[in-house]
Amino acid sequence: MDSLDHMLTDPLELGPCGDGHGTRIMEDCLLGGTRVSLPEDLLEDPEIFFDVVSLSTWQEVLSDSQREHLQQFLPHFPEDSVEQQNELILALFSGENFRFGNPLHIAQKLFRDTEPAESGIL
């Protein structure tokens with residue numbers, strides 16, 4: 001997770017919020033072996049979640065090394081592995097079903113519908 005450590009530990013600029021106090025409700029999550037605080041809205045609002053967890057974020061925000069790090073968690077294929085992984089990434093972000101649904105949609109639903117201890121949220 002070394003290539004993503006700074007993204008998980010750098011403080012976020014929260015700026016002013018609707019209540020005018022500059023604070024947001026944060027939820028602690030366990031991401032791999034790292035505890036991170038994420039805005040509750042990111043976890044519970046599908047529109048915000050999918051604006052952040054998107055193909056444009058993958059292509060335009062993440063560095064090459066961050067994408068390479070994340071690609072190691074994808075299945076490896078005997079032939080044209082990189083091309084098939086790219087197709088898999090497009091399918092994932094376009095909402096295609098993988099046997100029992102789309103993993104991103106399932107994750108967002110779990111974040112939204114379960115209590116913190118049940119979903120990996122601490």
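1. Contact here means heavy atoms within 4.5 Å. Leaving aside neighbours within four places in sequence, Leu 55 is in contact with Ile 89, Leu 90 and Phe 93. The C-alpha atoms of Leu 55 and Leu 90 are separated by 7.2 Å, although the two residues stand 35 apart along the chain. Leu 55 belongs to helix α4, residues 55–60; helices (H or I, at least four residues) and strands (E, at least two) are DSSP runs, numbered from the N terminus. Leu 55 is partly exposed because its relative accessible area is 25%, where buried means under 20%, exposed over 50% and partly exposed in between (1.4 Å probe, protein chains only).

2. On the basis of the note: this is a predicted model, in which local features need pLDDT of at least 70 and side-chain atom pairs count only at pLDDT 80 or more, whereas totals for chains, interfaces and linings use all residues. Residues are numbered from 1 along each chain as its sequence is written, and side-chain values use heavy atoms, with hydrogens and water left out.

3. The overall organisation may be stated briefly. The chain has seven helices and two strands, in the order α-β-β-α-α-α-α-α-α from the N terminus. Of its 122 residues, 25% count as buried. Among contacts between residues at least 6 apart in sequence, 44% join residues at least 24 apart. The chain exposes about 8500 Å², of which carbon and sulfur atoms supply 54%; accessible areas come from the Shrake-Rupley method with a 1.4 Å probe, and for residues only the protein chains shown count as cover.

4. Leu 110 is classed as partly exposed because its relative accessible area is 45%.

5. The count of salt bridges comes to one, a salt bridge being a side-chain nitrogen of Lys or Arg within 4 Å of a carboxyl oxygen of Asp or Glu. The side chains of Asp 64 and Arg 67 form it, at 2.2 Å from N to O. Both residues lie in helix α5, three residues apart, which is about one turn of the helix. Arg 67 counts as buried because its relative accessible area is 17%.

6. Glu 79, Asp 80, Glu 83 and Glu 87 gather in a patch of negative charge on the surface. Patches are made of residues with over 30% relative accessible area and no salt bridge, like charges being joined within 9 Å and nonpolar side chains (Val, Leu, Ile, Met, Phe, Trp, Tyr) within 5 Å. Glu 83 is in helix α6, residues 81–93, and is partly exposed because its relative accessibility is 44%. Asp 80 is in the loop between α5 (64–71) and α6, and counts as exposed because its relative accessibility is 58%.

7. Most residues other than glycine have a negative phi. Asp 80, however, has a positive phi near 50°. Arg 99, also not a glycine, has a positive phi of about 60°. Arg 99 is found in the loop between α6 and α7 (103–113), and is exposed because its relative accessible area is 83%.

Terms used
Lys, Arg positive; Asp, Glu negative; His and termini not counted. Charge placed at Lys NZ, Arg CZ, Asp CG, Glu CD.
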